[in-house]
Each structure stands twice: as structure tokens, then as C-alpha cells.
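Subject: Structure for you to look at

Hello,

Here is the structure I said I would pass on. Please open it beside this message and follow along.

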Amino acid sequence: MPIKKIGIVGAGQMGSGIAHVVALSGFDVAVNDLERDRFDKALSSIDKNLTRQVASGKIDEEEKKRTLARIKFAESFADFADADLVVEAATEEETVKRKIFVALCPYLKPDAIVSTNTSSISITRLAAATDRPEHFIGLHFMNPAPVMELVEMIRGIATDDVTFARTREFVDALGKTVAVSEDFPAFMVNRILLPMINEAVYTLYEGVGSVDAIDTAMRLGAHHPMGPLQLADFIGLDTCLSIMQVLYEGLADSKYRPCPLLVKYVEAGWLGRKTHRGFYDYRGDTPMPTR
Ligand code: CAA
């Protein structure tokens with residue numbers, strides 16, 4: 001049974017990016033969020049990002065229209081009754097995700113696959129909050145989802161072969177490349193990327209370099225498309241901190257301790273681009289370093 005209808009929980013940065021990719025590949029998609037307003041904002045950002053793809057000749061105006069028409073608002077989980085696959089892309093907090101799975105599962109078809117876009121939390125543990133651990137899988141998209149080619153696939157201890165094969169076929173249909181990861185804290189990309197970002201924050205904290213110097217060093221010295229502090233703001237400093245905490249606690253190794261300066265920025269509510277301030281201040285015309 002191929003996957004045709006997709007449900008997405010969460011209309012934030014990742015939920016909207018995933019909806020964009022999925023609808024552009026011809027799937028019908030329903031997106032649930034607590035507030036209709038958040039869905040409307042997601043749809044307008046998808047519209048803007050599709051326009052960029054039209055401008056660069058990747059798609060045409062007709063494709064853009066068809067893509068937008070495939071994306072609907074799901075007022076409640078009851079609207080996922082015909083979904084073949086649900087992607088949970090809510091906030092990176094285990095209690096929130098668990099509550100969603102408990103509320104969601106009773107509405108789904110028995111063979112519907114439930115997946116999570118968690119960037120770090122144990123798939124096996126999240127699966128245990130559902131009524132179908134064998135039909136549960138980790139599908140980790142990268143940000144911005146319409147641009148990044150990779151999807152990490154992570155099986156929980158109970159994920160069966162049919163679920164893995166059906167999901168992989170779906171990811172292939174999106175034109176993404178799969179990298180399979182074992183179910184260990186933060187999987188592969190974030191296990192490697194986040195300690196680098198955390199180290200960049202330590203480099204700033206210890207006064208080795210300024211925000212600008214550190215980012216310039218890594219952009220020009222290592223050919224990274226964004227400097228690590230710019231990337232941290234792009235990912236969201238709260239998400240960066242929560243991934244470091246998962247690594248620190250999950251692997252019980254002090255080398256993963258989150259930098260106190262990262263904690264301070266999060267405590268200040270300076271979460272990066274989404275709050276208009278992080279390692280850079282985005283409130284003016286050009287981003288200005290905050291240290
Ligand atoms: N939707 C659609 N297209 C987009 C887009 C979006 N959201 N964002 C950028 N683009 C397109 C642009 O239209 C442009 O297309 P063309 O080349 O066809 O003109 C192309 O992407 C490049 O964009 P820009 O010219 O605006 O800017 P750029 O060259 O600086 O690239 C970037 C932007 C692709 C984001 C690049 O800076 C980059 O790759 N940054 C690193 C991103 C990264 O590392 N992501 C992973 C984060 S980790 C993660 O996601 C895991 C996690 O769980 C935390």
C-alpha cells in the first residue's frame with residue numbers, strides 16, 4: 001500500500017518546510033496546529049518560498065498553484081482519519097510529543113504510519129507513547145526542508161520492515177536522499193553538528209573571537225555555507241540547547257555540556273531569527289552581532 005495522504009502536526013519552521021516538500025511532490029497534506037493563525041502564517045511562508053523557486057526556474061507558476069492547493073488545515077486530529085502517514089513536527093519537548101501521540105492515535109487507520117521529525121529524542125521511547133510502535137519511525141528532515149537533500153531515517157526497536165520500506169519509498173518520492181541512523185541520542189547529523197555549534201559558543205564565551213570573527217573563520221576557512229553562530233540562530237537557540245541536553249544526558253559525557261552562554265541567551269528569550277535576536281540582532285536591515 002503506497003503512502004498517499006499525509007498529516008503533519010505542527011505548523012512551525014519544520015512543519016511548514018515539510019508540508020512544502022510533500023505537497024510539491026504531489027501528496028495531499030493536512031497540517032494541524034493549535035491555532036489557525038499559525039497555519040495561515042505557515043502557508044504564507046510556503047507561498048513565499050515557492051515564489052523563490054519559481055523565480056529561479058525550479059518550478060513554474062502552475063506547479064506553485066497546484067502545490068498550495070494540496071495543503072489544507074486540519075482543525076483536529078479527526079481530520080487525519082484517512083492519512084497514510086503522519087509526521088509529528090511539534091516543539092522539541094518530549095512531554096509535548098508524547099501528549100500528541102496519545103491524543104492522535106485513536107483517530108488513525110490501524111495501518112497508518114506515525115513518524116516524528118525529532119532531532120534528538122529516542123525513537124523507541126516516543127514509540128512507546130503510541131498504540132503502534134511497530135508502525136512508528138523517525139524521519140528527520142533538515143532545515144530548510146525544501147533545500148536540504150537529506151532525510152535521516154531512524155528505526156525504533158519495534159519498527160517493522162514493512163513500515164521502514166513504505167516510509168523509505170515515500171522519502172524517495174520526495175527526491176530526498178536517505179541516511180539510516182541507529183536510535184542513539186541526536187542520531188548522526190546533530191551528534192556531529194551541535195557539538196561544533198556548542199564549541200563555537202564556547203569560543204565566543206572564552207573571548208577567543210567575536211561573533212563576526214568566528215563565523216567568518218568557519219565560512220571562509222572551512223567553506224561552511226553559514227558560520228556556526230549564524231547557523232545556531234537559524235536552527236533556534238532553544239532547539240540547539242535542547243539537543244545538547246539530550247546528548248549530555250543521553251551519553252553521560254561531560255564533553256557535551258551545553259555552554260553557559262548558550263543557556264543565557266535562551267533564558268533571555270534571544271532564540272535567534274524566530275525572535276529577531278540571538279547571536280545577531282535581526283531587527284534592522286542587516287543582522288548585527290550581539291557580542
Ligand atoms: N525554501 C525554498 N527555497 C529556499 C529556501 C526555502 N526555505 N531557503 C533558501 N532557498 C533557496 C533560494 O531560493 C536559493 O535558490 P537558487 O539557488 O535556486 O536561487 C537557494 O536556496 C540559496 O538561497 P540564498 O541564495 O537565499 O542563500 P544561501 O546561498 O545563503 O543559501 C541556505 C541559504 C541554503 C540556507 C544555506 O545558507 C545553507 O545551506 N545553510 C546551512 C543550512 C544547514 O546547515 N541546515 C541544516 C541545519 S541542521 C538541521 O536542520 C537539523 C536539526 O535538527 C537542527
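Start with the ligand: one of its oxygen atoms sits 2.9 Å from an N or O atom in the side chain of Arg-52. Keep in mind that this is a predicted model. The side chain of Asn-190 also has an N or O atom at 3.0 Å from an oxygen atom of the ligand. With Asn-143 the backbone takes part: a backbone N or O atom of Asn-143 is 2.7 Å from a nitrogen atom of the ligand. On its own the ligand has 1000 Å² of accessible area, and the protein covers 67% of this.

There are 18 residues around the ligand, and those that come nearest are Arg-52, Lys-58, His-140, Asn-143 and Asn-190. Sorted by class, the shell consists of 10 nonpolar, six polar and two charged residues. Which helices each supply at least two residues of this shell? They are helix H2 (36-55), helix H7 (189-205) and helix H9.

Pro-144 belongs to the loop between strand E6 (136-141) and strand E7 (150-155).

Next, go to helix H9 (residues 228-235) and helix H10 (residues 237-251). Their axes come within 6 Å and cross at roughly 100°. H9 is therefore roughly perpendicular to H10, since angles of 65 to 115 degrees count as such. On the H9 side the contact is made by Ala-232, Asp-233 and Ile-235, and on the H10 side by Leu-237, Thr-239 and Cys-240. By class, the residues of this contact are four nonpolar, one polar and one charged.

Two loop residues remain. Ala-252 lies in the loop between H10 and helix H11 (260-267).

If neighbours within four places in sequence are left aside, Gly-209 is in contact with Thr-203, Leu-204 and Ile-214. Gly-209 and Arg-291 are 82 residues apart along the chain, and their C-alpha atoms are separated by 9.8 Å.

Regards

Definitions and conventions: Residues numbered from 1 in each chain as written. Predicted model: local features only at pLDDT ≥ 70, side-chain atom pairs only at ≥ 80, totals over all residues. Heavy atoms only, no water. Axes fitted to C-alpha atoms, helices over the stretch in contact; angles between N-to-C directions. Helix = DSSP H or I, 4+ residues; strand = E, 2+ residues; numbered from the N terminus. Parallel < 35°, antiparallel > 145°, perpendicular 65-115°, else oblique. Contact = heavy atoms within 4.5 Å. Nonpolar A, V, L, I, M, F, W, Y, C, P; charged D, E, K, R; others polar. Near = heavy atom within 4 Å. Polar contact = N/O pair within 3.5 Å; in protein donor to acceptor, adjacent residues only side chain to side chain. Areas by Shrake-Rupley, 256 points an atom, 1.4 Å probe, with all protein chains shown as cover.
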